[in-house]
Amino acid sequence: MLRLPENTNLSLYCRPEYKGFPVQVTRGPLAENYLQRLEEVLDFSLADYGRVFAFRFDLRFPSGMHSGLNDDQYIERFIASFKAKIRHNRNQAQLLSRQAHDTKVRYVWCREIGQHGLPHYHFVMLLNYDAFSSLGIFEYERSNMFNRLHEAWASALKLPAPEVRGLVEFPLDARYLLRRDGPSSLSDFFYRSSYLCKVATKAYGDGRHNFGFSRG
């Protein structure tokens, strides 16, 4: 079994398929440990919900800001703020209707270093589709998922929300409807999400986490 020299805890994975799912290996090997965690998060989500709303997004720092605080603390604050917003939304929905669905917040993220040496994050978020099924219109100050993500990142950075505009980015085809009984939707999602599991462009040995995920 091949190990990553910079972090011998990580096993390298070079095959184009992982447990029946296609994966991206065109940018170099993946970390098998990360693939296992991605699969676990997907399995936990589908065990709870027959339909899962999943989406991809990236978090970036304002120019010149990322120094001074361990990046891990930024991401912890982002996740805590986002969870609080989801919890508040579900509490309000259940006041209006006892039939309103709840959701757990599950996620996978990775930290990468860009061309200019600046870190950024890639995220995959998974929610109950019966609770949330859209990112909403990409306009600021609306009450939707698009703005919850911006507001949570602003909270993590301790900045006013207008100052993080443009720092939450969504790739093309960022949304997924995953079905417990729909293997094709799972394959597409896993292939795209396996990008987070590559070992390239990650920094090792600097004391920061390169990969994180929800537990349970």
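Residues are numbered from 1 along each chain as its sequence is written, and side-chain values use heavy atoms, with hydrogens and water left out. Because the model is predicted, local features need pLDDT of at least 70 and side-chain atom pairs count only at pLDDT 80 or more, whereas totals for chains, interfaces and linings use all residues.

The mean pLDDT of the protein chain is 92. This score is the predictor's confidence in each residue, from 0 to 100. A value of at least 70 is reached by 96% of the residues. Helices (H or I, at least four residues) and strands (E, at least two) are DSSP runs, numbered from the N terminus. Among these elements, helix α1 (residues 32–48) has the highest mean pLDDT, 98. Strand β1 (residues 3–4) has the lowest, 72. Where pLDDT is low, the predicted coordinates should not be read in detail.

The largest pocket holds about 220 Å³ of space. Closest to its centre are W109, F211, G212, F213 and R215, out of 14 lining residues. Lining residues have an atom within 4 Å of a point. Grid points are joined across faces, edges and corners, and the volume is the space filled by probe spheres set on the points. Helix α2 (71–96) supplies four lining residues, the largest share. At least two each come from α1, α2, β7 (106–113) and β11 (211–213). By class, the lining has seven nonpolar, three polar and four charged residues. Here Ala, Val, Leu, Ile, Met, Phe, Trp, Tyr, Cys and Pro count as nonpolar, Asp, Glu, Lys and Arg as charged, and the others, Gly among them, as polar.

A disulfide was defined as a pair of cysteine sulfur atoms within 2.5 Å. The count is zero. For C14, the closest cysteine sulfur is in C197, at 13 Å, too far for a bond. For C110, the closest is also in C197, at 7.9 Å, again too far. Burial was assigned by relative accessible area: buried under 20%, exposed over 50%, partly exposed in between (1.4 Å probe, protein chains only). C14 is partly exposed at 49%. C110 is buried at 0%.

Contacts (heavy atoms within 4.5 Å) were then examined, leaving aside sequence neighbours up to four places away. S81 lies in helix α2 and is buried, at 11% relative accessibility. It touches E151, A152 and S155. E151 belongs to helix α3 (residues 145–157). At 34%, E151 is partly exposed. Its contacts are S81 and K85. E151 and K85 are 66 residues apart in sequence, yet their C-alpha atoms are 9.1 Å apart.

R175 lies in strand β10 (residues 175–179) and is partly exposed at 44%. Its contacts are F53, A54, F55, L135 and F138. M125 is 50 residues from R175 in sequence and 9.8 Å away, C-alpha to C-alpha.

In helix α4 (residues 183–193), the residues S185, L186, S187, F189, F190 and S193 are buried. Elements covering them include β3 (17–18), β4 (21–22), α1, β6 (51–60), β8 (119–128) and β10.

Note on methods:
On a 1 Å grid over the protein atoms alone, a cavity is a set of points where a 1.4 Å probe fits but cannot get out, and a pocket is an open set with protein on both sides within 12 Å along at least five of seven lines; lining residues have an atom within 4 Å of a point.
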